[in-house]
Amino acid sequence: MNHGFLIDMDGVIYRGTEAIPGAADFIEHLDEQGIPYLFLTNNSAYTQLDVVVKLRKFGIETSTEHVYTAALATAEFVSQQKPDGAAFVIGEGGLLNALNQVNYAISSEHADYVIVGEGRTMNFEGMEKAHRLIANGAHLISTNADTWCPTDSGPRPGCGAIVALLEAATGRKAYHVGKPNPFMMRLARKKIGLRTDEVTMVGDTMDTDIRGATDLGFHSVLVLTGSTRRQDLAMYPYAPTRVVDSIADLVPNHRGRRAA
Ligand SMILES: [Mg+2]
């Protein structure tokens, strides 16, 4: 039977600036065997090329067609809903670039959507503009609902937290495009050209990776190198298909470089 993988990055492939042992071996194994895969990330700050360059630093050689981000899914969503529209963006290069590719204008005057992505460029002036555009009828969209992001020096507020501020201020609810939204999960499956029961999602986060896979009927593997500890599993009404200590456990034995 055909099979392939959707692979989360943060907490699966790397943690901060550290590569997780076995990650490069697993990707080499997929490439050698011709097994389809896609890196699937909710981080909308980076372009596909940014991700490829970042992965190279962790010893992983891949190419842009193996990368799909919440920025790309968000651009796809708005272009399907309102082709050739305009958006006001609180976000970074990955999101701006994705919107540009679907012929979206970026404007702080007239916007069909206020789109919030991951990043560190948020300021109060931008939040004021966003608030007023939403009050004038723009729809509030976020690339992802993650309320915090891990960094080298500890957690920082994520896209979901910034959106929550705008939700509270405007009384409007955001639409979140990234994992676990089936919109993004389904687009990712189509990109690797497989059927639902041929796809395995590998991730470290129950609310996004494992929830998304469960909703779509994909297989799922939870790795314990990221945001979830084994004892956390009991809190969730859904469970991954399989739990492993790390991505190294998915590398076949014959490759011989299994890491602890
Ligand atoms: Mg992760």
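Trainee: How are helix 3 and helix 7 oriented to each other?

Mentor: In this predicted model, the axes of helix 3 and helix 7 come within 10 Å and cross at roughly 105°. Angles of 65 to 115 degrees count as roughly perpendicular. Helix 3 and helix 7 are therefore roughly perpendicular to each other.

Trainee: Which residues of helix 7 meet helix 3?

Mentor: Helix 3 brings Ala-70, Ala-73, Glu-76 and Phe-77 to this contact. By class, the residues of the contact divide into six nonpolar, no polar and one charged. On the side of helix 7, the residues are Phe-183, Met-184 and Leu-187.

Trainee: Why is helix 7 called roughly perpendicular to helix 8?

Mentor: Helix 7 covers residues 182–192, and helix 8 covers residues 206–216. Their axes are 10 Å apart, and the two helices pack at an angle of about 75°. That angle makes helix 7, relative to helix 8, roughly perpendicular.

Trainee: How many charged residues are there in the contact of helix 7 with helix 8?

Mentor: Pro-182, Met-185 and Arg-186 of helix 7 meet Gly-212, Asp-215 and Leu-216 of helix 8. Divided by class, the residues of this contact include three nonpolar and one polar. The number of charged residues is two.

Trainee: Is Leu-216 buried, exposed or partly exposed?

Mentor: Leu-216 lies in helix 8. Leaving aside neighbours within four places in sequence, Leu-216 is in contact with Pro-182, Met-185, Arg-186 and Thr-196. A residue needs 20 or more other C-beta atoms within 10 Å to be buried, and 12 or fewer to be exposed. Leu-216 has 18 C-beta neighbours inside 10 Å, so it counts as partly exposed.

Trainee: What distance separates the centres of domain 1 and domain 2?

Mentor: Domain 1 is made of 4–42 + 179–255, and domain 2 is 71–176. The centres are taken over C-alpha atoms. The distance between them is 26 Å.

Trainee: Which helix gives the most to the side of domain 1 that touches domain 2?

Mentor: Nine residues of domain 1 are in contact with nine residues of domain 2. The largest share of the domain 1 side is three residues, and it comes from residues 182–192. That stretch is helix 7.

Trainee: How many polar residues does the side of domain 1 that touches domain 2 have?

Mentor: This side of domain 1 has three nonpolar residues and one charged residue. Its count of polar residues is five.

Trainee: Which strands stand at the edges of the open sheet of five strands?

Mentor: The order in this sheet is 7-6-8-9-12, with parallel pairing.

Trainee: What is the bridge partner of Ala-86 in strand 7?

Mentor: Strand 6 (residues 86–90) and strand 7 pair in the parallel sense over two bridges. In strand 7, the partner of Ala-86 is Ala-105.

Trainee: At what angle does helix 6 run to strand 9?

Mentor: Helix 6 (residues 159–170) lies across strand 6, strand 8 and strand 9 (139–142). Its angle to strand 9 is about 165°.

Trainee: Where is Asn-103, a residue with a positive phi?

Mentor: Asn-103 is not a glycine, yet its phi is about 65°. With 11 other C-beta atoms within 10 Å, Asn-103 is exposed. Its place is the loop between helix 4 and strand 7.

Trainee: Is Asp-84 buried or exposed?

Mentor: Asp-84 sits in the loop between helix 3 (70–81) and strand 6. It has a positive phi of about 55° although it is not a glycine. There are 10 other C-beta atoms within 10 Å of Asp-84, which makes it exposed.

Trainee: Which residue is joined to Pro-180 by a cis peptide bond?

Mentor: Pro-180 is found in the loop between strand 12 and helix 7. The omega of the cis bond is about 10°. The residue joined to Pro-180 is Lys-179.

Trainee: How many residues of strand 14 are buried?

Mentor: Strand 14 (residues 219–223) runs parallel to strand 13 (residues 199–203), and four bridges join them. One of the pairs is Thr-200 with His-219. Strand 14 is mostly covered, and of its five residues the number buried is four.

Note on methods: Residues numbered from 1 in each chain as written. Predicted model: local features only at pLDDT ≥ 70, side-chain atom pairs only at ≥ 80, totals over all residues. Domains from an automatic or database assignment. Contact = placed C-beta atoms within 7 Å. Nonpolar A, V, L, I, M, F, W, Y, C, P; charged D, E, K, R; others polar. Axes fitted to C-alpha atoms, helices over the stretch in contact; angles between N-to-C directions. Parallel < 35°, antiparallel > 145°, perpendicular 65-115°, else oblique. Pairing = 2+ DSSP bridges.
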